[in-house]
Amino acid sequence: MKFLGGFTIGQYIPLDSAVHNLDPRTKFIGLTGVMAYIFLFPSLVVYLFLMVSLHLVLMFSSLRYRYIWRGLRPVLFLILFSAFFNLFFTPGETLWWKITKEGLYFGLLYAMRIYLLVFSSIILTFTTSPIRLTDAMEYFMKPLKILKVPVEDIALMLVIALRFIPTLLEEIDRLIKAQMSRGVDFDRGNLFKRIKRLLPVFVPLFVSCFKRAEELADAMESRCYRGGELRTKREKLSYRAADRLAMVFLIIAGILCAYLFYALSPALFI
Amino acid sequence: MKKKTYDLALTGVLTALLMAGSFVRIPLPGGVPLTLQLFFVLLGPALLGVRGMLPSLLYLLLGLAGLPVFSGGGGPGYLFSPTFGYLLGFVAGSWLAGYLYPKSPSFGRELGALLCGVALVYGVGGLWFYVMKNVYLAAPVSLSQVFLFGILPFLPGDILKALAVTLIVRKIPAYYKKG
């Protein structure tokens, strides 16, 4: 019996590729940029262009398409649903039965939009380790310091959270198995009984959470942790030539998208 | 040990718990599994007060940054998903629950605060669902449909979860001292 689905925070695949070695901030900006293009220029021509470009990025990241496919599976239903809905329920010039020209167009457009959105975010998470991702997040949150938001503390909490996910998953698994070995059947009984059976799992889980938090706080203070502002990093973020090049590509892609959208799309209708 | 460092560590651990806990599913007869996400969301305000909104907020941030912690993945694209409102609702709801949560123990007021939080989760979630479906996905649904399919079926389970949080949080100190 499996209570814990195949959860891997280790989506990150450590390889040595051009995309992996980019600064996480660059990849973050890249992702935001691609998403902006997707929403600003909704047309099939632009989407085809973005699809080709993203596949090129995938090629440079030395990842196999299989990984992308694995990440796409959860949203496959959403893609099919929006394609289906648009295909049959868009009014316009009828092609066959209820399928209209507009329906075909928008069905494809929406399906591709979801595909591209997921594709681009998968590239980011598969090529960037969670810790570097939080580093980038901390960097982008820095302006919030003016509003007295404790950015460094938040970043540290994020790192702690990431660190503890596998530990807690293991702990939950252990507690459930401990109960099962004593004859508890989580699969039977009505709702109340099932919830009641979870009590002996959760109470020790919470207690261990408090203990871990306490130990962690002790360990931090014994190493002279005094709030986030004075903390330094072991691996600093560095912006290199490759990052500048990537930014140039991003801007060129944006100009091309705008050109395709305003110049070509109306002529082709699509 | 300073309180601040402890709170920081506890918030981090609770965020991890929220993410790990979202993957615990209780299989129910009828097919739809019961997830305990809201249970872990409500745990924040019950333990940390107003700062209890932080685990939900950090969860949201990590998910939006692309970590696969939401049901159905993660990433900024999730912003346009019709169910994203519930995640926003978690932040708003846990803030409200933390704000209302009584300082001195009182079963009724504790449960009341958590239930107000649950109501806000559904308010924000339902509204987002409605707006997204109608404006963005161009698949019109009415508000009553949202209530019937998006809120009503989950309400009894979530009231139970609020009750469970109230009960469990009261039990923790006793266990904690013993250990």
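**A chat about salt bridges, helices and a surface patch**

Modeller: Let's start with B:Lys161 in this predicted model: at 9% relative accessibility, B:Lys161 counts as buried.

Colleague: Nice. Which residue does B:Lys161 form a salt bridge with?

Modeller: The partner is B:Asp158, and the closest N and O atoms of the two are 2.8 Å apart.

Colleague: Is B:Asp158 buried or exposed?

Modeller: B:Asp158 has 7% relative accessibility, so B:Asp158 counts as buried, the cut-off being under 20%.

Colleague: And where do B:Asp158 and B:Lys161 lie?

Modeller: Both are in helix α7 of chain B (residues 155–178). They sit three residues apart, which is about one turn of the helix.

Colleague: Why can side chains pair like that at all?

Modeller: Side chains of opposite charge can pair when their charged atoms come close.

Colleague: What about burial for A:Asp153?

Modeller: A:Asp153 counts as buried at 8% relative accessibility, whereas B:Lys4 counts as partly exposed at 47%.

Colleague: Which residue pairs with A:Arg212?

Modeller: A:Arg212 forms a salt bridge with A:Glu171, and their closest N and O atoms are 2.6 Å apart. This one links distant parts of the chain: A:Arg212 is in helix α8 of chain A (residues 191–222), A:Glu171 is in helix α7 of chain A, and they are 41 residues apart. A:Glu171 is buried, with a relative accessible area of 8%, while A:Arg212 counts as partly exposed at 24%.

Colleague: Switching topic: how many helices and strands does chain B have?

Modeller: Chain B has seven helices and two strands. Along the sequence, the pattern reads α-β-β-α-α-α-α-α-α.

Colleague: How do α3(B) and α4(B) cross?

Modeller: Their axes come within 7 Å and cross at roughly 155°. Angles over 145 count as roughly antiparallel, so α3(B) and α4(B) are roughly antiparallel to each other. The crossing is left-handed.

Colleague: Last one: which residues form the nonpolar patch on the surface?

Modeller: The patch is made of A:Leu245, A:Val248, A:Phe249, A:Ile252, A:Leu256, A:Tyr259 and A:Leu264, with about 660 Å² of accessible area together. Take A:Ile252: its place is in helix α9 of chain A (residues 241–268), and A:Ile252 is partly exposed, with a relative accessible area of 44%.

How values were computed: Residues are numbered from 1 along each chain as its sequence is written. Chains are lettered from A and ligands numbered from 1 in the order in which they are written. This is a predicted model: local features need pLDDT of at least 70, side-chain atom pairs count only at pLDDT 80 or more; totals for chains, interfaces and linings use all residues. Side-chain values use heavy atoms; hydrogens and water are left out. Patches are made of residues with over 30% relative accessible area and no salt bridge: like charges are joined within 9 Å, nonpolar side chains (Val, Leu, Ile, Met, Phe, Trp, Tyr) within 5 Å. Accessible areas come from the Shrake-Rupley method with a 1.4 Å probe; for residues, only the protein chains shown count as cover. A salt bridge is a side-chain nitrogen of Lys or Arg within 4 Å of a carboxyl oxygen of Asp or Glu. Helices (H or I, at least four residues) and strands (E, at least two) are DSSP runs, numbered from the N terminus. Buried means under 20% relative accessible area, exposed over 50%, partly exposed in between (1.4 Å probe, protein chains only). Axes are lines fitted to C-alpha atoms, for helices over the stretch in contact, and angles run from 0 to 180 degrees between N-to-C directions. Angles under 35 degrees count as roughly parallel, over 145 as roughly antiparallel, 65 to 115 as roughly perpendicular and the rest as oblique. A crossing is left-handed if the near helix is turned anticlockwise from the far one by less than a right angle, and right-handed if clockwise.
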